[in-house]
Amino acid sequence: MNRFSSAVLIGIVLCTSGNDRSFAAENGDANENVASTATPEEAAIQAAAYKARLAARAAADEGYFLGRRGDFPAARKKFSQAIELDPRFSPAYRLRADACLKMSDWAGAIADFNTLIRLDPNYAEIFNERGFARRQLGDLQGAREDFDHCITLGADLPLAYGNRAEVELMLGDNNAAAADVAQAQLLATTMPDSPPGRSTPSARENQTHHKTPRTGTSNNAKGIAR
């Protein structure tokens, strides 16, 4: 699938953790109160941060549309630009990681997943994504650890169980793989459909779309097609 799926931008794209809270996203009304009490220096810093976040979002939106056209190298450059403008804008790391995955740049994707995990160590789905990239590099133990961590965090992602089963088969742990396949199928049948999200990184949605897992298949989390 030679484009970004719109599902990629449901939730990931603006990972709404505490690390992604910005003046642009949340402080519209608060800015007036802050301005009345902040020193001129503090107000200037806040204004600069606000502008940086807006510029980062604009660059990420441009990258998204480049990705939709299949120009993943150009998309990755735009996501990198967004990160330079606002290093704490976590959706840009997520989108850049997706672009790296599309280009089979597993190490680049892992680097961005590492950053996302530092920003939010409880973001279960990122461990699932990093596990996929690690598996592609042949790091089966590291991949299994990431899938373990994703599941331990309680995300109940059927895909995480399916991915772990695939690695367990490769490691020769057939009994564990069979149990994970059964659990993945059970979760997939009980998971409600996710509502559609908006189409650009400026849409602050916190939903995640999951594909039905199949053992032996690659990672389709959040609409990433392999």
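This is a predicted model: local features need pLDDT of at least 70, side-chain atom pairs count only at pLDDT 80 or more; totals for chains, interfaces and linings use all residues.
**Entry 1: a term to settle**

**Entry 2: the whole chain**

I looked up the secondary structure next. The chain has 10 helices and 0 strands. Along the sequence I read the pattern α-α-α-α-α-α-α-α-α-α.

Then I checked burial. The chain has 226 residues, and 48% of them count as buried. The accessible surface comes to about 10400 Å². Carbon and sulfur atoms hold 49% of that surface.

**Entry 3: the core**

Which residues touch the most other members of the largest nonpolar core? I found Ala 60, Phe 79, Ala 82, Leu 101, Phe 113, Ile 126 and Cys 150. This core has 36 residues. Next I asked which helices supply at least two residues each. The list is H3 (40-68), H4 (72-85), H5 (90-102), H6 (106-119), H7 (124-136), H8 (140-152), H9 (158-171) and H10 (174-190).

I followed up Ala 82. Leaving out residues up to four places away in sequence, Ala 82 touches Ala 56, Ala 59, Ala 60 and Ala 92.

**Entry 4: H4 against H5**

I returned to this pair for the details. H4 passes H5 in a left-handed crossing. From H4, the contact uses Phe 72, Arg 76, Phe 79, Ser 80, Ala 82 and Ile 83. From H5, it uses Ala 92, Tyr 93, Leu 95, Arg 96, Ala 99, Cys 100 and Lys 102. Phe 79 and Ala 82 were already in my notes as core residues.

**Entry 5: H5 against H6**

At what angle do H5 and H6 pack? I read about 160 degrees, with the axes 8 Å apart. H5 and H6 are therefore roughly antiparallel to each other. The crossing of H5 past H6 is left-handed.

I listed the residues that meet here. H5 brings Ser 90, Tyr 93, Arg 94, Arg 96, Ala 97, Cys 100 and Leu 101. H6 brings Trp 106, Gly 108, Ala 109, Asp 112, Phe 113, Thr 115, Leu 116 and Leu 119. Leu 101 and Phe 113 are also on my list from the core.

Ala 56 is found in helix H3. Is Ala 56 buried or exposed? I found it buried, with a relative accessible area of 0%. Beyond residues up to four places away in sequence, Ala 56 touches Ala 82, Leu 85, Asp 86 and Phe 89.

I then turned to Asp 86, in the loop between H4 and H5. Asp 86 has a relative accessible area of 10%. The cut-off for buried is under 20%, so Asp 86 is buried. Ala 56 and Asp 86 are 30 residues apart along the chain. Their C-alpha atoms are separated by 6.0 Å.

I looked up Lys 102, which lies in helix H5. Lys 102 is buried, with a relative accessible area of 19%. Lys 102 and Pro 73 are 29 residues apart along the chain, and their C-alpha atoms are separated by 9.6 Å.

Ser 104 lies in the loop between H5 and H6. Ser 104 is partly exposed, with a relative accessible area of 45%. Most residues other than glycine have a negative phi. I found that phi of Ser 104 is near 60 degrees, a positive value.

**Entry 6: Gly 108**

Gly 108 is buried, with a relative accessible area of 19%. How many residues apart in sequence are Gly 108 and Ala 133? The separation is 25 residues. In space, the two are 9.4 Å apart, C-alpha to C-alpha.

Terms used:
Residues are numbered from 1 along each chain as its sequence is written. Side-chain values use heavy atoms; hydrogens and water are left out. Helices (H or I, at least four residues) and strands (E, at least two) are DSSP runs, numbered from the N terminus. Buried means under 20% relative accessible area, exposed over 50%, partly exposed in between (1.4 Å probe, protein chains only). Accessible areas come from the Shrake-Rupley method with a 1.4 Å probe; for residues, only the protein chains shown count as cover. A nonpolar core is a set of buried Ala, Val, Leu, Ile, Met, Phe, Trp, Tyr and Cys residues joined through side-chain atoms within 4.5 Å. Contact means heavy atoms within 4.5 Å. Axes are lines fitted to C-alpha atoms, for helices over the stretch in contact, and angles run from 0 to 180 degrees between N-to-C directions. Angles under 35 degrees count as roughly parallel, over 145 as roughly antiparallel, 65 to 115 as roughly perpendicular and the rest as oblique. A crossing is left-handed if the near helix is turned anticlockwise from the far one by less than a right angle, and right-handed if clockwise.
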